Each structure stands twice: as C-alpha cells, then as structure tokens.
Amino acid sequence: MKTIIFTFLIFCTFSCNNQVKKQIEQNRLDSIAWVEKRSIEIADSIKKVMQKEQSLVAWGDAKFGMSQNETLKTRAFEGSYVYKNELSLPLEKRSIANTKIHISTFDASFKMNELYRIDFRTTPQTANYIDDLQVDAEKIAYQFEKKYGTPSYSLGKEISIFDFNEDEEFLYKKWVIGSKMIFIQFGEVYSGSEYYYRVAITNSDFPTKEDPEEIAQKEKIEKEKAEKEKYQF
C-alpha cells in the first residue's frame with residue numbers, strides 16, 4: 001500500500017512539474033511574441049512619423065502648407081519673384097546640381113495662401129538632346145531614390161522620339177510618400193519637334209482650407225442639378 005501511495009505521489013509530483021515547465025515555456029513564448037508584436041508596432045509608428053515628416057517636405061527647407069511669406073524666408077525660395085498665387089525662382093537659382101539642361105521655370109504654387117505644389121521644367125530641346133534630357137532626369141531620380149527609395153512607377157527603358165506626342169506629357173517615374181506625390185514627366189511642346197522634362201511635387205493634404213469660390217461653385221451646381229431634377233421623370 002505504501003508503495004502504491006509513494007508511486008502515486010511521485011507521479012503527481014512529476015506531472016505537476018511537467019505542467020509547471022509547460023506553463024513557464026508558454027509564458028516565455030507569449031512574452032517573446034508580445035515583445036515582437038510591440039517591436040513591430042513601434043517600428044510601424046516610427047515609420048509613419050518619418051513618412052509624415054517626409055511628406056511635408058516640398059523642396060529643400062520649404063514645407064507644404066507654408067504661406068508665401070514663410071516660403072520666401074526659406075533658403076530654397078529666397079529672392080523669388082512674387083505673383084498672386086506663385087513664387088518663381090530667379091534665373092540664377094534655377095539650376096539642379098550635376099544636370100546639363102537649363103531649367104526654364106521653377107515655381108512654388110499656393111492655394112488659400114498655402115504651399116501645395118512645386119513644379120520645374122527644362123527649356124525645350126531638339127531631338128538631338130533627348131538622351132541628355134533623360135540623363136539629367138535620371139540624376140534627379142537618383143536623388144529622390146536615395147531619399148524615398150524605389151519609385152512606385154518607372155518607365156524602365158531608354159526613351160526615344162517615338163515616345164512623344166505633340167502637346168502631351170508621359171510619366172517617366174513616380175513616388176508616393178504618404179500624401180505627397182513626385183512625378184517626373186517628359187513632354188513635347190505644342191508646336192512640336194522640341195522636348196522637355198518636368199518635375200512636379202504635390203501634397204493632397206493642402207490646402208487645408210476650402211476655397212470659398214469653389215464652395216460657392218459646387219453649391220451652384222448642386223442647386224441647378226436639384227432644380228433640373230424637379231422636372232424630370
């Protein structure tokens with residue numbers, strides 16, 4: 001009888017120890033899983049914050065959402081010509097490092113006095129300079145790739161005269177960084193036989209304020225639509 005009881009106690013002890021070991025192991029695995037999950041959450045949070053910061057960069061130290069006066073105080077647009085809804089860089093500042101083709105226009109555009117778009121374009125060139133245009137565009141694209149990674153779209157081939165249509169542009173590369181989009185496009189002037197590339201940087205979060213004129217126009221259209229529907233069907 002004593003032997004049976006002793007054996008039973010040993011079995012219980014062994015079984016309990018086994019259960020304890022399993023629970024400890026499970027706790028360890030749960031702890032590792034929680035740490036991994038938390039690490040991913042923190043990494044995702046940091047990534048979102050960094051992406052948000054990157055999406056606000058318009059050009060150099062100019063940020064989307066800045067007013068015209070604020071943008072004029074940046075190193076990027078200091079000394080720009082001032083228009084109603086635009087700043088235009090002076091001729092001597094319209095150069096991109098390591099590129100050959102001259103930049104003919106370099107503008108910052110505003111709506112509701114908020115910077116929402118950067119746009120620059122080369123002087124139109126003859127067909128002999130299409131290769132140079134692409135080389136310059138690739139140098140600019142390389143700088144964007146260093147900062148934002150692989151583009152979400154890339155034409156991925158050498159361009160030729162056959163890719164162009166008069167008074168039209170085609171997409172060469174594109175990046176999407178949160179609400180910011182960067183486009184590199186090639187085009188042929190409306191009169192034909194001259195070619196250029198354009199870089200446009202926009203942020204759909206701006207302007208943050210609604211344009212009263214646009215609101216009034218929408219309301220007018222809705223009113224006209226509702227009035228027309230009264231006499232249909």
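A nonpolar core is a set of buried Ala, Val, Leu, Ile, Met, Phe, Trp, Tyr and Cys residues joined through side-chain atoms within 4.5 Å. Buried means under 20% relative accessible area, exposed over 50%, and partly exposed in between (1.4 Å probe, protein chains only). This is a predicted model, in which local features need pLDDT of at least 70 and side-chain atom pairs count only at pLDDT 80 or more, while totals for chains, interfaces and linings use all residues. Residues are numbered from 1 along each chain as its sequence is written, and side-chain values use heavy atoms, with hydrogens and water left out.

**Whole chain**

Start with the cartoon. The protein chain has four helices and ten strands. These are DSSP runs numbered from the N terminus: helices are H or I with at least four residues, strands are E with at least two. Follow the sequence and the order reads α-β-β-α-β-β-β-β-α-β-β-β-β-α. Of the 233 residues, 31% count as buried.

**The core**

Select F144, I184, F186 and Y197. They have the most contacts inside the largest nonpolar core, which has 38 residues. Now colour the elements that each supply at least two residues of this core: β1 (57-59), β5 (103-111), β6 (114-122), α3 (130-148), β8 (169-177), β9 (180-188) and β10 (195-203). Which element gives the most to this core? Helix α3 does, with seven residues.

Zoom to F186. Contact means heavy atoms within 4.5 Å. Leaving aside neighbours within four places in sequence, the contacts of F186 include L133, Q134 and A137, as well as I159, F164, Y172 and Y197.

**Along β9 to E188**

Next select E188, in strand β9. Is E188 buried or exposed? E188 is buried, with a relative accessible area of 10%. Show its surroundings: among the residues E188 touches, not counting those up to four places away in sequence, are F164, N165, E166, Y195 and Y196. Draw a C-alpha distance from E188 to F164: it reads 6.1 Å, with the two residues 24 apart along the chain.

**Salt bridges**

Side chains of opposite charge can pair when their charged atoms come close. Here a salt bridge is a side-chain nitrogen of Lys or Arg within 4 Å of a carboxyl oxygen of Asp or Glu. The count comes to seven.

- Select D205 and K52, whose closest N and O atoms are 3.5 Å apart. D205 lies in the loop between β10 and α4 (212-229) and K52 in helix α1 (residues 2-56), so the pair ties together parts 153 residues apart in sequence. D205 is partly exposed at 35%, and K52 is partly exposed at 44%.
- Move to K209 and E114, with closest N and O atoms 2.5 Å apart. K209 is in the loop between β10 and α4 and E114 in strand β6, so this bridge ties together parts 95 residues apart in sequence. K209 is partly exposed at 44%, whereas E114 is buried at 3%.
- Finish with E169 and R198, with closest N and O atoms 2.9 Å apart. E169 sits in strand β8 and R198 in strand β10, 29 residues apart. E169 is partly exposed at 31%; R198 is buried at 16%.
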